Amino acid sequence: MRKFNIRKVLDGLTAGSSSASQQQQQQQHLPGNREPEIQETLQSEHFQLCKTVRHGFPYQPSALAFDPVQKILAVGTQTGALRLFGRPGVECYCQHDSGAAVIQLQFLINEGALVSALADDTLHLWNLRQKRPAILHSLKFCRERVTFCHLPFQSKWLYVGTERGNIHIVNVESFTLSGYVIMWNKAIELSSKSHPGPVVHISDNPMDEGKLLIGFESGTVVLWDLKSKKADYRYTYDEAIHSVAWHHEGKQFICSHSDGTLTIWNVRSPAKPVQTITPHGKQLKDGKKPEPCKPILKVEFKTTRSGEPFIILSGGLSYDTVGRRPCLTVMHGKSTAVLEMDYSIVDFLTLCETPYPNDFQEPYAVVVLLEKDLVLIDLAQNGYPIFENPYPLSIHESPVTCCEYFADCPVDLIPALYSVGARQKRQGYSKKEWPINGGNWGLGAQSYSEIIITGHADGSIKFWDASAITLQVLYKLKTSKVFEKSRNKDEKPNTDIVDEDPYAIQIISWCPESRMLCIAGVSAHVIIYRFSKQEVITEVIPMLEVRLLYEISDVETPEGEQAPPLPTPVGSANPQPIPPQSHPSTSSSSSDGLRDNVPCLKVKSSPLKQSPGYQTELVIQLVWVSGEPPQQITSLAVNSSYGLVVFGNCNGIAMVDYLQKAVLLNLGTIELYGSNDPYRREPRSPRKSRQPSGGLCDISEGAVVPEDRCKSPTSGSSSPHNSDDEQKMNNFIEKVKIKSRKFSKMVASDIAKMSRKLSLPTDLKPDLDIKDNSFSRSRSSSVTSIDKESREAISALHFCETFTRKTDSAPSPCLWVGTTLGTVLVIALNLPPGGEQRLLQPVIVSPSGTILRLKGAILRMAFLDSTGCLVPPAHEPWKEHNVPEEKDEKEKLKKRRPVSVSPSSSQEISENQYAVICSEKQAKVISLPSQNCAYKQNITETSFVLRGDIVSLSNGICLACFCANGHIMTFSLPSLRPLLDVYYLPLTNMRIARTFCFTNNGQALYLVSPTEIQRLTYSQETCENLQEMLGELFTPVETPEAPNRGFFKGLFGGGAQSLDREELFGESSSGKASRSLAQHIPGPGGIEGVKGAASGVVGELARARLALDERGQKLSDLEERTAAMLSSADSFSKHAHEMMLKYKDKKWYQF
């Protein structure tokens, strides 16, 4: 139970140190503290939580359908989701409550309705005439499994095939079963001894609606005459059938089989197929049958007026094509095109000019639904090019590892990103317009711009325009371009920190105003980018290497206000960085082979061409220390006004001046405390701990030279000096390490579990497709049983201009640092004046001695001025830095612009500020400069906060939190009054924890599946306006005219034969279906449909139809109740009769 006690001790310490602030629960009347004056505008009624839109590729797709008149595409998934796509920007997401897989979708063409068949044997009718589609009716089959559905064009009778081989008929208007049933034993040969298998295909003859073609899995096909209720013809083939398709004239049909063959049959010649084709089979010379191939899963047969028909199929490749990608084959006349796909094919559909099956089809495109993509092929152009996909379906091109959301960005930002991103477009697409163009855009567009940034496993970063509930990719940045890709075998251990995806993005820090971007990657690397519209060639990529250690040497324990040793200022403004090759791994040459002073990745030494967009300003890498890999970065912040970037991990914190390319600060977390460490952790000198008696405490400590701690590689000697004695000592330590590694790993993983390090949004390791949890693994190698309680990771960083100490009379630039043990420390920054001086004089960095305590790891910090308005961090406006400026302009600029642009600098000195700090457990508002706790709120006792953001919403500011127990909460600022607390979704996997983020104007998002972003709002106003903003799927469109039969066909017969289905399937002729066969469930969409239907004639028609539906529904309910009463009366009379017979001859005393 030792591990549990440690956690208790930590909690006890946390509670103890914050008990004083708990007593000051509410307002403190301090000199200069004017909390009562702040008028908080936000109230509970300003908040409401609802999902807005879902973007991205439908996860695990399973079914596809297209309405050729409305031009709407529907995709169903294995989790019961339904995604509908119209013109670019018109998308809709619906969900079946059961969560069962969608096996088939059928549009009621041009009716604004869709039927879905699910794996749990339910059929659902969706009303698409409202902005948020809803289910009107459902039908649950109780005794049979549904396998295939077919709804003829302009018919209200849906054919439903089952696993038993029977076909039932459903009236889609009332969603009730007809008494007409086609039984399998009537359909097949009476002499047949075996069951034909499930129904895999149903379709009516395009020229005669009274003839139904039924395909059974075993290979039998039956042409059924609906009127005479018997089979006209039976076609048998000794291979299983996967799909069947008609020629539009109704005289031939084609079947695809499990041995990779296609058979073409004449309707009137059931004895054998007219033609057998094996599209991918090797033709043998001596006339033998070709070798069998893989099954052809689907075939379509489409005709054109002017040429040969198209036969389009998926599957059917020969078995010897090992490793070949899935293919779609297009056979047109004598030419056969094999189109390779990136993922396996789920389904495909051919888009044709006409909805009528009895006319020339004139196919113009093929929609191919792949496992992870949607491809549209242009059939009219030579070479069958694909259309450029306008939907945002490439979110998952590489797995998303983190994301950030920015609402209310500067107006020029999206055009700037779009203009550099437009140059990245691929060539070779079809020149035609995207053909899926149904629906209409919503009206109410938001006035502010929104940007989503996603970081990916391959090191790429994508910027998306997310304004007005749409999503469009703007620009893609590949961060891996600065690193060497090819690695020799002996170099492989360099990337030992992760098994794969060494460039994966972990944290993104972006300043929209200055356009500075900073990323932290999984290989303990940080890259800083500037935005430029000019192309540049960087001769040498600027680079720094940082040794961030855990232990501390005696000379370097900063006391209270004392500044740590500074790096020697570099003479030139832009020193030449030392390339990584010049860092020899001194220890690795020794017999123990310890890696030392080498980074995980190798920066390119050749010149790098940088396109317009984000260009590398500086690469910073943490290096291995005496065989220990660097720990992954847990927090990151960049400030364009100060020219600084800071990052931290479980070892400590490092600050870099990216203008001078120098390391300013490199401290272990304990050193930040100085003499104020509440845990009384003793910094240990590495020299002392080198004695053999050191035992376990040296397990993961590496040799370090004190002088090397705070130096940048550009400022003098950068490789440690190892004597022979030290090498021997290293050998001994390595032996101890090996013996204790298992113990160390076990304890470390326990601690990782206990302290829930993975609850930090920045710690992203699970779900990165990495075999082992490399976040805890890379930590476990250096977390030992003895130093575990002092392992305190940096979890939050915030640059600001505020009061660093209680005695300060004016705000000054500083950095606030939050740790996983709930401590907030303040580092004072002394910046040189702007212009040339900024590049020549060093930035002075010193811990201020200010320490604040909260319960739980610190997640987020922000600052309010005395009126309760948010004080944003200082920033510089963006300017093109690749264009040389005129000298006079430079001088003007130097005089005009101070380094820090912050609202606080213009305020009166006497005015105070408030620091808002949110941790995993609680939030505090601290009054500055007095550092008294003005307000406090315990957010959660039993759970912990995963994400907290301080955001602005309708002229107010609030703290928004997402808890691991699924609650979304908001609190007013500065008083921390609870405004909203809604149970939204439980933390089912780490992906949600890693990607959930709030932003301004009541917006939030998270990755709901590996391929989809779910956006939601917590603003009442947005919820109310959502209906207007959503696009409309259904638009009134005239149905095209039916094909002309022609004079002679009308005279001599031929042409399409119609059928009165009502007469055949209606209750009057076919009777009622068995009640136990299927259960009718009225859907919730009836009333909503009326509300959501558009105004005008269409709306009136929809209302009338729905009113009739509801009336019919009530009548059918009444009928069902009457029937139930009749049956219960019947059973009662039966029981009474039985009872009478039983006791008829008995005497009274025998009872």
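This is a chat about a predicted model of one protein, moving from its overall make-up to some of its residues.

Me: Before we start, what do I need to know about how this was made?
Reply: The model is predicted, so local features need pLDDT of at least 70 and side-chain atom pairs count only at pLDDT 80 or more, while totals for chains, interfaces and linings use all residues. Residues are numbered from 1 along each chain as its sequence is written, and side-chain values use heavy atoms, with hydrogens and water left out.

Me: OK, how many helices and strands are there?
Reply: The protein has 15 helices and 59 strands, where helices (H or I, at least four residues) and strands (E, at least two) are DSSP runs numbered from the N terminus.

Me: And what share of the residues is buried?
Reply: Of the 1151 residues, 57% are buried, and buried means under 20% relative accessible area, exposed means over 50%, and partly exposed is in between (1.4 Å probe, protein chains only).

Me: Let's look at helix H3. Which of its residues are buried?
Reply: Helix H3 covers residues 413-421, and its buried residues are Leu-413, Ile-414, Ala-416, Leu-417, Val-420 and Gly-421. Seen down the axis of H3, these buried residues fall within an arc of 165 degrees, so they line one face of the helix; the arc is that of the directions from the helix axis to the C-beta atoms.

Me: Why would residues a few places apart point the same way?
Reply: An α-helix has 3.6 residues a turn, so residues three or four places apart point the same way.

Me: What covers the buried residues of H3?
Reply: The cover includes strands E30 (450-456), E31 (460-465) and E32 (472-478), and it also includes E33 (505-511), E35 (525-532) and E39 (613-622). Contact here means heavy atoms within 4.5 Å.

Me: Switching to charges, how many salt bridges are there?
Reply: The count comes to 28 salt bridges, each being a side-chain nitrogen of Lys or Arg within 4 Å of a carboxyl oxygen of Asp or Glu.

Me: Which residue does Asp-412 pair with?
Reply: The side chain of Asp-412 meets that of Arg-515 in a salt bridge, at 3.0 Å from N to O. Asp-412 lies in the loop between strand E29 (400-407) and H3, and Arg-515 in the loop between E33 and strand E34 (516-521), so the pair ties together parts that are 103 residues apart in sequence.

Me: Are those two buried or exposed?
Reply: Asp-412 counts as partly exposed at 42% relative accessibility, whereas Arg-515 is buried, with a relative accessible area of 3%.

Me: Which residues are linked in a network of salt bridges?
Reply: Asp-208, Lys-211, Asp-225, Lys-230 and Asp-232 are linked in that way. Within it, Lys-211 forms a salt bridge with Asp-208, with the closest N and O atoms 4.0 Å apart, and both Lys-211 and Asp-208 are buried.

Me: Now rings. How many aromatic pairs are there?
Reply: There are 27 aromatic pairs. Rings of Phe, Tyr and Trp (its six-membered ring) pair if their centres lie within 6.5 Å, and planes under 30 degrees apart count as stacked, over 60 as edge-to-face and the rest as tilted. Tyr-233 and Tyr-235 form a tilted pair, with 6.4 Å centre to centre and 40 degrees between the planes.

Me: What about Phe-531 and Trp-878?
Reply: Phe-531 and Trp-878 form an edge-to-face pair, 5.8 Å centre to centre with 65 degrees between the planes. Phe-531 lies in strand E35 and Trp-878 in the loop between strand E48 (858-864) and helix H8 (887-896), so the pair ties together parts that are 347 residues apart in sequence.

Me: Last topic, where is Ser-972, and what does its side chain contact?
Reply: Ser-972 is in strand E54 (residues 967-972) and is buried, with a relative accessible area of 1%. Its side chain makes a polar contact with the side chain of Ser-975 at 2.9 Å; a polar contact is a pair of N or O atoms within 3.5 Å, where within protein one must be able to donate a hydrogen and the other to accept it, and residues adjacent in sequence count only if both atoms are side-chain atoms.

Me: Which peptide bond involving Pro-974 is cis?
Reply: A cis peptide bond joins Leu-973 and Pro-974, with omega about 5 degrees, and Pro-974 is placed in the loop between E54 and strand E55 (978-983).
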